[in-house]
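Please view the sequence and the structure below before reading on.

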Amino acid sequence: MGKFQHGFRKGHNTETAILDLMENITTEVELKKFVCVYSADLTAAFDLLRKEALIVQLIKKGVPNYLINTISEYITDRFGYVQVEASRSIVKRIRAGCIQGSIIGPLLFNIYTNQLQEIIYPNKACAYADDAYVVVSAESETELKEKLENTLKMHFDWLKSVGMECNLAKTELITFFDGEIEITIDNANVKSKENIKALGLTLDKKLSWTEHVERVIKKCRGLMYGLRYVRNNVELEVMKSVIRAQVISRISYGAAVWSHRLSYIMKTRLKSAYYKILRVVLRDFDFKHNRAALLLMTGQEDIISILFKRTSVALFRMVSTILPTELSTTILSKSYYNERTPGHLSFFDTSRTKFGRACISNVAGKIAHEWKFDWLHLSQCQFKQHLSKQCTVPRI
C-alpha cells in the first residue's frame, strides 16, 4: 500500500498519519533545512478511479490474472440512478469510480494511489485516504521555492494522468522557518499560512498547537448551551455518557500528537473549559464544589490525565504491534533495555532543537517513565487496565 498511506489499514488511523507527518517535519528541521508542507485535497476521489489505470497497478503488484479479471468484472458495466420518493431518474452507466461502502473499495483506492511516494521522491508524504500532505525541504529558501513548484507540478500532473484532480482552492501551504513563501501553480498563486488544517487538527508553524487548543476551547464553549438543555431533560447518569461522547472525545482527539507540547498557560485554559462544562452538567453555577468534587460527582477524570492516557495507549500500541511500521521502527530505534527497570523499555531523546521535541519518538522516554508497572509483556487490554489504576496526574 505504500508506507505513506494510513487510511483503511490495520494499525493505522488519522492520528498515526499526523504522527508520521510530525516525524518527517522534525527530522528535516533538525538537519537545519528550510522545510514546508503542502496539503492536497482530491476532488471526488473515489468516483474518478479509472479501471484501466487500476489494472496496470494490479499487474505491477503481481496480482494473479484470475483475480484481476474478477475485480475488472466487478467494476465494469455498473449503472445508477437517483430516486426521490416515487420519482426516479433515468438509468445511466457509471464509467469510473470504485464502489463506496464496499469492502474492497478502499483497498482498490489505496492500490490506485500508491504511486504518490515514487512521483514526489525524494520528498516524503503521508496520507489518509484522499488527504495527502507532502514535506518538502531544501538548503535555502530559493531552492525550496523551486523544489516546491516542481514537486507540486509533478504531483498534479500525475493526478491528471490517472484521472483525478486536486482541489487547488483547498491546497494549503505552511513553512517551518521565519518567513513566508509564495508559489504559482496552474496560473494560481498559493501563499504560505501561519497554520493549516490537517486531518482535524490545526498545525501551526512553531508546532506549539496553540491554535488547535484555541479551537478545542471554542468548541467546548459552543457545547455548553446544548449540554444545559440536554441536562434539563435527562438524568445525571445519562449525562456521563454524553460528556464522554461529546466533550472528552473532541478534546482528546489526536492527543498523542499535541498534548505533550502544551504550555502551562494552554493547559490551564483547557482545564478551565473542561471544568466549566462539568459545572454546567451539575448545575453548579454558584461554584459550590471544587474541581475534585466535580470529577467525583460526574465520574470523570482530570483532562490532563485523560490526554496522557490517550497518548500512552497510542505509544504502547505502536511499540507492541510495530504498526505503522516506519514510525514504530523509528521509536524502537531509540529504545534500550534498562536492567534497573525489568519489564520496561527506556527511550533516548535525540532531539537537538525544540522542533525535535515535538515528535513522539523523542518524548517516548518521558511518557514511558510515568508507567509505574511492568508493561512489556502486557496485551493492549491489560495495559489499559493497569493504566486506569494509575491515578496520579503526570508531569511530562
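## Charges over rings

R78 lies over the face of Y74, at 5.1 Å from the ring centre. R88 is placed over the face of Y81, at 4.4 Å from the ring centre. A charge sits over a ring if NZ of Lys or CZ of Arg is within 6 Å of the ring centre and within 35 degrees of the ring normal.

## Basis of the report

The model is predicted: local features need pLDDT of at least 70 and side-chain atom pairs count only at pLDDT 80 or more, while totals for chains, interfaces and linings use all residues. Residues are numbered from 1 along each chain as its sequence is written, and side-chain values use heavy atoms, with hydrogens and water left out.

## Aromatic pairs

Eleven aromatic pairs are present in the structure. Rings of Phe, Tyr and Trp (its six-membered ring) pair if their centres lie within 6.5 Å; planes under 30 degrees apart count as stacked, over 60 as edge-to-face and the rest as tilted. The ring centres of F8 and Y128 are 6.3 Å apart and the planes are at 35°, so this pair is tilted. Because F8 lies in the segment before α1 (14-30) and Y128 in strand β6 (residues 124-128), the pair ties together parts that are 120 residues apart in sequence. Strands (E, at least two residues) and helices (H or I, at least four) are DSSP runs, numbered from the N terminus.

F34 and F177 form an edge-to-face pair, 5.0 Å centre to centre with 75° between the planes.

## An aromatic cluster

One aromatic cluster is formed by F316, W371, F373, W375 and F383.
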